[in-house]
Number of protein chains: 2
Amino acid sequence: MPNEHANRRPAQGRFAYQGLDRVIHERARLGLLTTLITASAPVAFNDLKQLCTLTDGNLSRHLKVLEDEQLVAIEKGTDHNRPLTLCRITPRGRIRYLEYLSTLEQVLKDAAAIAGTGEEEKSADPFLRLRPATQ
Amino acid sequence: MPNEHANRRPAQGRFAYQGLDRVIHERARLGLLTTLITASAPVAFNDLKQLCTLTDGNLSRHLKVLEDEQLVAIEKGTDHNRPLTLCRITPRGRIRYLEYLSTLEQVLKDAAAIAGTGEEEKSADPFLRLRPATQ
């Protein structure tokens, strides 16, 4: 039996964004990694707290997740005899962040169709006018 | 007592990205809203499933969250006598999505410093060389 919609099926997974790695996508961790990847040197725990507006507990918890995934490295040292915890992104973290970023860029490209011209709208709307709008 | 770092404190909340609304930021819901906001007509439940690679259960759950926040509207109707559920983004959803998007753009702008030139790096690294790199 012919299917009149056969050629108009929505593209499987077109908006699944599976590259949005859950470890990185979480808001606080996205902020932390963006801080660390753009910093020119390791960043102190207390500075991360301020830059990302996190409590001690939240920052520790998210750093632990990132450390367990080997995306950041944490070093304990001293500064003028006071304890100092320094955080940096690892090479693995850098790669994973860049992969994540490419999917994030895709979201923005797709979303560019919203305000957009008919041209843009078509390119991000590859799937349907399968069914009419509601009556 | 003078503080040698007084003028070099990290910018409070510079990387907090509080505009990344948790309702929208969740990966599946970001995909759903991007689908709906770029679609030219309401999208059928089954098509959303395919486009976002979600199971029935997950799709229902995320749509419920979005509906509770009045970001999407769901209408039940029929198509050739078969039940058909259609989803669309609400005007409120559109506004919230656009607000979200502006923060997402900021993340990408900040991240642009990674590969970037010294110029870009300075602009996204407003806080420190507070402390030296590890020895």
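Glu69(A) is partly exposed, with a relative accessible area of 29%. The model is a predicted one, and in it Glu69(A) forms a salt bridge with Arg96(A). A search of the whole structure finds 14 salt bridges over all chains.

**Salt bridges in chain A**

- The closest N and O atoms of Arg96(A) and Glu69(A) are 3.3 Å apart.
- This pair links distant parts of the chain, since Arg96(A) is in helix H5 of chain A and Glu69(A) is in the loop between H4 and S2 of chain A, 27 residues apart.
- Arg96(A) has a relative accessible area of 17%, and it is buried because buried means under 20%.
- The side chains of Asp21(A) and Arg96(A) also meet in a salt bridge, at 2.6 Å from N to O.
- Asp21(A) lies in the segment before helix H1 (22–25) of chain A and Arg96(A) lies in helix H5 (residues 91–111) of chain A, so this pair ties together parts that are 75 residues apart in sequence.
- Asp21(A) and Arg96(A) are both buried.
- A network of salt bridges links Asp21(A), Glu69(A) and Arg96(A).

**A salt bridge in chain B**

- Arg96(B) forms a salt bridge with Glu69(B), and the closest N and O atoms are 3.3 Å apart.
- Arg96(B) is in helix H5 (residues 91–111) of chain B, while Glu69(B) is in the loop between helix H4 (56–68) and S2 of chain B, so the pair ties together parts that are 27 residues apart in sequence.
- Arg96(B) counts as buried at 16% relative accessibility, whereas Glu69(B), at 30%, counts as partly exposed.

**Strands of chain A**

- Strand S2 (residues 72–79) of chain A pairs with S3(A) in the antiparallel sense over eight bridges.
- Within S3(A), Leu86(A) is the residue that Glu75(A) stands opposite.
- S2(A) and S3(A) form a hairpin with two residues between them.
- In the turn of this hairpin, His80(A) has a positive phi of about 50°.
- Strand S1 (residues 43–44) of chain A pairs with strand S3 (residues 82–89) of chain A, again in the antiparallel sense, over two bridges.
- Val43(A) stands opposite Cys87(A) in S3(A).

**Strands of chain B**

- Strand S2 (residues 72–79) of chain B and S3(B) pair in the antiparallel sense over eight bridges.
- Ile74(B) has Cys87(B) as its bridge partner in S3(B).
- A hairpin with two residues between its strands is formed by S2(B) and S3(B), and His80(B) in the turn has a positive phi of about 50°.
- S1(B) pairs with strand S3 (residues 82–89) of chain B in the antiparallel sense over two bridges.
- The bridge partner of Ala44(B) in S3(B) is Leu86(B).

**Contact of two helices in chain A**

- Helix H2 (residues 27–38) of chain A and helix H4 (residues 56–68) of chain A have axes that come within 10 Å and cross at roughly 75°.
- This angle makes H2(A) roughly perpendicular to H4(A).
- On H2(A) the contact is made by Ala28(A), Arg29(A), Leu32(A) and Leu33(A), and on H4(A) by Leu59(A), His62(A), Leu63(A), Val65(A) and Leu66(A).
- The residues of this contact divide into seven nonpolar, one polar and one charged.

**A loop residue of chain B**

- Ala39(B) sits in the loop between helix H2 (27–38) and strand S1 (43–44) of chain B.
- Ala39(B) is buried, with a relative accessible area of 12%.
- From C-alpha to C-alpha, Ala39(B) and His62(B) are 18 Å apart in space, and they are 23 residues apart in sequence.

Terms used: Residues are numbered from 1 along each chain as its sequence is written. Chains are lettered from A and ligands numbered from 1 in the order in which they are written. This is a predicted model: local features need pLDDT of at least 70, side-chain atom pairs count only at pLDDT 80 or more; totals for chains, interfaces and linings use all residues. Side-chain values use heavy atoms; hydrogens and water are left out. Helices (H or I, at least four residues) and strands (E, at least two) are DSSP runs, numbered from the N terminus. Buried means under 20% relative accessible area, exposed over 50%, partly exposed in between (1.4 Å probe, protein chains only). Two strands pair if DSSP finds at least two bridges between them. Axes are lines fitted to C-alpha atoms, for helices over the stretch in contact, and angles run from 0 to 180 degrees between N-to-C directions. Angles under 35 degrees count as roughly parallel, over 145 as roughly antiparallel, 65 to 115 as roughly perpendicular and the rest as oblique. Contact means heavy atoms within 4.5 Å. Ala, Val, Leu, Ile, Met, Phe, Trp, Tyr, Cys and Pro count as nonpolar, Asp, Glu, Lys and Arg as charged, and the others, Gly among them, as polar. A salt bridge is a side-chain nitrogen of Lys or Arg within 4 Å of a carboxyl oxygen of Asp or Glu.
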